[in-house]
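Here is a short briefing on selected local features. Please look over the sequence and structure first.

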Amino acid sequence: MKTEIVRVAPEAIDGAAIERAGAILKRGGLVAFPTETVYGLGGDALNPEASRKIYAAKGRPSDNPLIVHIADMAHLEPIVTSVPPLAEKLAEAWWPGPLTMIFGKTDLVPYETSGGLDTVAVRMPVHPVAAALIRAAGGYIAAPSANTSGRPSPTVAQHVIDDLDGRIDMILDGGEVNIGLESTIVDFTEDVPVILRPGYISLEMLRDLLGDVRVDPGITSEGEERNVRPKAPGMRYRHYAPKAPLTIVEGPTEAVIRRINELSLEQMAAGRRVGVIATDETKNRYHADSVLDIGSRSDDEAIARHLFRVLRTFDDEGMDVLYTESFDTPRMGMAIMNRLLKSAGHQVIRADENG
C-alpha cells in the first residue's frame, strides 16, 4: 500500500483534502490525523472491519479498546446507554478538549471497537483538523495513537511516517501537536468517577469541578500483571517504549545527577551509547553520549509536550541505554510519570542523598 501524505494547515484547512480523507474512512480505510494531544490513527468506529484494520496496522492487541472520536454532542446519545449528570458537567467544561469519558455502549458500537467490552470510550477533540475530519467521515472515528503498538506516541507527522508508512491509506500532516500526551480518561460506569489515564486535565482540576474522583491503582502499578481486560487504552500493555532500555532515577536533585553520571560512565566504559533526559536546569551537568533537554521544571506542559519526541530522538541516535530524572511536577506530574513508568517498564532507581 502507498500511503498518501497531505499537509493540512490547522489555520487554513484544505476542504478538498478533508473530504478525500473522509471518503477513505467511509469506505473502510485508515487515515492518521492530528489532534491537540497526539496524532490519531482513524477508522470508521461503527465498521468492525475498519477497527480490525487499526489493530492490524498498529500490531495492537484486540482487547485494548479504541477511543471513539466525535465532533458534535448530538452524536453522543446514539452510542452510549446513558450520560450521568457529572459527565454532562465535565463535558460542558472540557468538550471539545483533551478528555475521554467511558460510558455503557449501545449496539451501534461494535465489540471490535470497544475491545470486547460493553463500555465505550468517547472523546471530542478540539483540534480543527480532527473536528473537520470526523464530520467528513460521518461523525464517528475510532482512533488510537498513530504509532506501532508499544512505541512512543507520535507528536509530529514524521513519527507516523516512521511507524506506519505503507500500512495505512493517508496521513494528514497538521504540524506539531500542542499537548503531547494522550487525553485524560475518566470512567463514569462506576458510582464515583475514576481516572483510568492521567493527562492534561489533572486530578485536582477534576475534583475542583466534580468533587469526589478516584484514581485507578493501575496508573502507578505494573498494569501488565492484571488478569482483567483493560477498560481503557494503555492500562495493561507496555506503552511508549523507546528501543533502548530506560531507567528512571528519582531522589534529591544532586543525588540524581550524581547517580545518573555514575551509571552513564559505567555503561560507556562497557562500550554502550548512553542517552540522558535532562531539564533546562541540569542539562549541562551530565556526561553521556547524548543529553536531551526536555524543558524547564517550572513548565510541566513543555515537559509533557517534548517527552515522546525526546524518546524517539534517542531511537534515531542509536542509543543503547537511557536514563531520566523523575518529574514530580505540580500539575501534570501524574501524567508525565505514568508515561515514563510505562516507557521504562517500571524500572526505577532511588538515588541516595548520602551515596
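**Aromatic pairing**

Both F103 and F188 are buried. The model is predicted. It holds 3 aromatic pairs. One of them is formed by F103 and F188, and its geometry and position come next.

- The ring centres of F103 and F188 lie 6.4 Å apart, with the planes at 15°, so this pair is stacked. The cut-off for stacking is planes under 30 degrees apart.
- The F103–F188 pair links distant parts of the chain, as the two residues are 85 residues apart.
- F103 sits in strand β5, which covers residues 99-104.
- F188 sits in the loop between β9 (184-187) and β10 (194-197).

**Negative surface patch**

- Four residues, D162, D165, D316 and E317, form a negative surface patch.
- D162 belongs to helix α6, which spans residues 157-164.
- D162 has 45% relative accessibility, so this residue counts as partly exposed. Partly exposed is the range between buried, under 20%, and exposed, over 50%.

**L108 and its loop**

- L108 lies in the loop between β5 and α4 (111-114).
- L108 and R123 are 15 residues apart in sequence. From C-alpha to C-alpha, L108 and R123 are 16 Å apart in space.

Terms used:
Residues are numbered from 1 along each chain as its sequence is written. This is a predicted model: local features need pLDDT of at least 70, side-chain atom pairs count only at pLDDT 80 or more; totals for chains, interfaces and linings use all residues. Side-chain values use heavy atoms; hydrogens and water are left out. Patches are made of residues with over 30% relative accessible area and no salt bridge: like charges are joined within 9 Å, nonpolar side chains (Val, Leu, Ile, Met, Phe, Trp, Tyr) within 5 Å. Accessible areas come from the Shrake-Rupley method with a 1.4 Å probe; for residues, only the protein chains shown count as cover. A salt bridge is a side-chain nitrogen of Lys or Arg within 4 Å of a carboxyl oxygen of Asp or Glu. Lys and Arg count as positive and Asp and Glu as negative; His and the chain ends are not counted. The place of a charge is taken as NZ of Lys, CZ of Arg, CG of Asp or CD of Glu. Helices (H or I, at least four residues) and strands (E, at least two) are DSSP runs, numbered from the N terminus. Buried means under 20% relative accessible area, exposed over 50%, partly exposed in between (1.4 Å probe, protein chains only). Rings of Phe, Tyr and Trp (its six-membered ring) pair if their centres lie within 6.5 Å; planes under 30 degrees apart count as stacked, over 60 as edge-to-face and the rest as tilted.
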